[in-house]
Protein chains: 2
Amino acid sequence: MNGKSSKPASPSLPGGLSVRDAQACILGKTAPLGAEDIALERALGRVLAADVRADRDLPPHDISAMDGYAVCAADTADAPARLKIVDDIRAGDTPRVTLQRGQCARIMTGAPVPAGADTVVRVEDTRPGPDDAVDILIPVRAATDIRRRAENMRRGEIVLAAGTGIGPGTVGALATAKQATVAVHRQPRVAILSSGNELEALREPFDPGKIPDANTYALMAQVQAQGVEPDLLGIARDDPAELSGFLERGLGYDILLVSGGASVGVHDHVRPTLAALGVAMHFWRVEMRPGHPVAFGTRGRCFVFCLPGNPVSSMVCFEQFVLPALRALAGHRRLFRRTLPARLTHAVESRPGRIEFMRVTLARDASGIYEAASAGSQSSGDMLSMARADGLLIVPSASKGLAAGETARVQLLETGAYQDEAELGDEPCSQKDVHRASLHDTIGP
Amino acid sequence: MNGKSSKPASPSLPGGLSVRDAQACILGKTAPLGAEDIALERALGRVLAADVRADRDLPPHDISAMDGYAVCAADTADAPARLKIVDDIRAGDTPRVTLQRGQCARIMTGAPVPAGADTVVRVEDTRPGPDDAVDILIPVRAATDIRRRAENMRRGEIVLAAGTGIGPGTVGALATAKQATVAVHRQPRVAILSSGNELEALREPFDPGKIPDANTYALMAQVQAQGVEPDLLGIARDDPAELSGFLERGLGYDILLVSGGASVGVHDHVRPTLAALGVAMHFWRVEMRPGHPVAFGTRGRCFVFCLPGNPVSSMVCFEQFVLPALRALAGHRRLFRRTLPARLTHAVESRPGRIEFMRVTLARDASGIYEAASAGSQSSGDMLSMARADGLLIVPSASKGLAAGETARVQLLETGAYQDEAELGDEPCSQKDVHRASLHDTIGP
């Protein structure tokens, strides 16, 4: 005997929660963090903590939507008509001339429509005349090709509401509203701790008896992908005092992720240590595969996730539990990965009772429908198939398996956000020269 | 007259390219940039520039896949069988005892299987015996619940190939292969220049006659979303010397994005200035809506994109042309946004001849199929509908419009990457309490 008194762990709860109930348990305890002011240059991916109002009308005047001539519509009623050009107005100019009947102004897209004009004639509907004149070739109705003052934003109106997630379009809208500084929800501070005697740190020399610490870095990258730079606490060895010190430090964060070198080791030491540190545990097991031994607790405002020691299981648990919690704390309303339906290229077996997340790659069939295929070994030890996966295909917990050709939902991972083909609706053939008709012809509702 | 000799611009080419041909023109000139070494902590979103090989076998030994007892299978043939526990092996331990017949070792998940054992019995198939003994309740075949040495990685084998995009799973695999430093393709350096007298800079005071510079920041955020921090050159006024200075500075980057305050102003000044600076222009117009006046040129290794002055048009052009070019330079193989099919909730009119990109939001119908609805005004001046959009719905260039209920492709924008519901295949009802069956029951292949 090695002199240790460990015994195989037994679960504290007879069964485990469903993924949905575990998510509900976690999300029921989250609320968006407080607000902070940041520069617009740093706002991408954050969430607005306050309404944003327009500081002006946009457009600020009636402006031309085209390059052409600002005219009085009545002057074109008997077109062709020759009008005298009395001004030349570009975007940013202030018109200096009030048009009289028989006059017009050359005008550029975005330029203010001068007084006396009530419509715009496109340049292609005109012909240069002699001297400073132009021939208008067709009659034009009033208010043609004019963008009205305040059509896009009206001074004082709310243009972006608190709770809006900030994507590139939002950044553009914030710049339009002149928000150089933006009030956003604070992002959670995240600490990552690995544990286990068998782990070799990334920058430690090679030890043939040890296993590289992949968990710390896989979780780091998952957190980074949410725009948060986590603190890496390192590796806690199987020593209660050392572990306690690490955990106490981690409990100072908004989110503490603890992954064990081996699930049992984690539960043996981490559980009593967390209890001694005052962490209330809310669940210890979830009925899912991979990822069964995943636990969640809180102390004050710190959310503690005990993730499986196995890196693939730990990543899958992050996706289901940590990601939505992290997004909820950051103020997001959309907490879950986008899913899409995909057709399985092969049969999948499953034991009912646990929802299964299968690493899959995505491709298109000849008619443009997604096909999902296993990304390789589904062994929870195979990090390479996780690296290859475009998404996680969901085999529902009640399912005994899926047949080849059946359709299931796939959660899109980071790696599934881009594809090989532009898919512009005009594809004459796929990359493999398979005939493929215009998509909206072949996919019916 | 304002004393300027400008005239409405006429296109240099009679028509424009298709989006597909314009993409092909651009991508035909791209090649991945050279390699650089970076820390694994900074590798997310980059692309491997060299193959990565395993530095060891993983697992390093035959290890247990479960918590239980390492035994000789022959000892369990007449189960129940009482075996003497002679060792207690955890992950990271080195077994010290060679098992003799009638002996076993307590073993944890991930721990090495000791010599003399050829299988593992799960703890739930055992019962504690008297003293240091355990009762094995069932016969177990050899090689059960053992993960074989090198099953996941074999020393010296390529585990990740050059060209692999680095997502969180890849970071985990790189950590597993102990790659603290990673050779990746350099990312393009990007400069952003706005132009136009009518533009008011973000931190300039309010001027009622001007329009806020939204382009610089919307483009900045689109570039940032690709993991690249662009340099913002500022706003060039309609002055050839000033513009020339700005452009010359921008031509020192890998990618120069120039957007004009008004399309005509840009083409009037930018075009001859770029020509004078030695930039070869490859196209000036693309048959698309919004975004018609988009141009592309090169000088040496610099890619120059002249984007429309209208911020929405400029963002849509970025998505179609700059994004794939930027990704190609960074070494990515997947250059285009993920698309998904969605059913239109309303009819859309379109003039054939130009592909149309419509800002849409996505929601689910009762059976889990995506429905796309206009995100608001499709006026190219409406940045707010761009901020709201989950994606760009593609109306193919040959289409005269789409009917309500028709299915079309939607390019997923950043803002469309997440959704409201977890969608785990067990949804009893939608958020609106509409009955919804298990997805794989209702969506046929």
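Tutor: Start with helix 1 of chain B, residues 19-27: Val19(B), Ala22(B), Gln23(B) and Ile26(B) are its buried residues. Buried means that 20 or more other C-beta atoms lie within 10 Å of the residue's own; 12 or fewer means exposed, in between means partly exposed, and C-beta atoms are placed from the backbone. Viewed down the axis of helix 1 of chain B, the buried residues fall within an arc of 100°, so they line one face of the helix. The arc is taken over the directions from the helix axis to the C-beta atoms.

Two notes on the source. The model is predicted, so local features need pLDDT of at least 70, side-chain atom pairs count only at pLDDT 80 or more, and totals for chains, interfaces and linings use all residues. Residues are numbered from 1 along each chain as its sequence is written, while chains are lettered from A and ligands numbered from 1 in the order in which they are written.

Helices and strands also need a rule: they are DSSP runs, numbered from the N terminus, with helices being H or I of at least four residues and strands E of at least two.

What do the buried residues of helix 1 of chain B pack against? Their partners in chain B are strand 18 (280-283), strand 19 (288-289), strand 20 (295-299), helix 6 (311-329) and strand 25 (355-364). Contact here means that the C-beta atoms of two residues, placed from the backbone, lie within 7 Å.

Helix 6 of chain B has another partner. Its axis and that of helix 3 of chain B (residues 215-224) come within 9 Å and cross at roughly 25°. Two packed helices are described by the angle between their axes and the distance between the axes. Axes are lines fitted to C-alpha atoms, for helices over the stretch in contact, and angles run from 0 to 180 degrees between N-to-C directions. Helix 3 and helix 6 of chain B are therefore roughly parallel to each other. The cut-offs are under 35 degrees for roughly parallel, over 145 for roughly antiparallel, 65 to 115 for roughly perpendicular, and oblique for the rest.

The crossing of helix 3 and helix 6 of chain B is right-handed. On the helix 3 side, Asn215(B), Ala218(B), Leu219(B) and Gln222(B) take part, and they meet Pro311(B), Ser314(B), Met315(B) and Phe318(B) in helix 6 of chain B. By class, this contact has five nonpolar, three polar and no charged residues. Ala, Val, Leu, Ile, Met, Phe, Trp, Tyr, Cys and Pro count as nonpolar, Asp, Glu, Lys and Arg as charged, and the others, Gly among them, as polar.

Now look at chain A. Helix 3 of chain A packs with helix 6 of chain A (residues 311-329) at an angle of about 25°, with the axes 9 Å apart. That makes the two roughly parallel. Their crossing is right-handed. Asn215(A), Ala218(A), Leu219(A) and Gln222(A) of helix 3 meet Pro311(A), Ser314(A), Met315(A) and Phe318(A) of helix 6. The classes in this contact are five nonpolar, three polar and no charged.

Helix 3 of chain A (residues 215-224) also packs with helix 2 of chain B (residues 168-176), at about 155° and with the axes 7 Å apart. Parallel or antiparallel? These two helices are therefore roughly antiparallel to each other. This crossing is right-handed. In helix 3 of chain A, Tyr217(A), Ala218(A), Ala221(A) and Gln222(A) meet Pro168(B), Gly169(B), Val171(B), Gly172(B) and Ala175(B) in helix 2 of chain B.

Step back to the whole meeting of the chains. In total, 121 residues of chain B are in contact with 121 residues of chain A. Helix 2 of chain B gives the largest share of chain B's side, eight residues. That side has 55 nonpolar, 36 polar and 30 charged residues.

In helix 4 of chain A (residues 240-250), the buried residues are Leu243(A), Phe246(A), Leu247(A) and Gly250(A). Down the axis of helix 4 of chain A they fall within an arc of 95°, so they line one face.

Conventions: Left-handed = near helix turned anticlockwise from the far one by under 90°.
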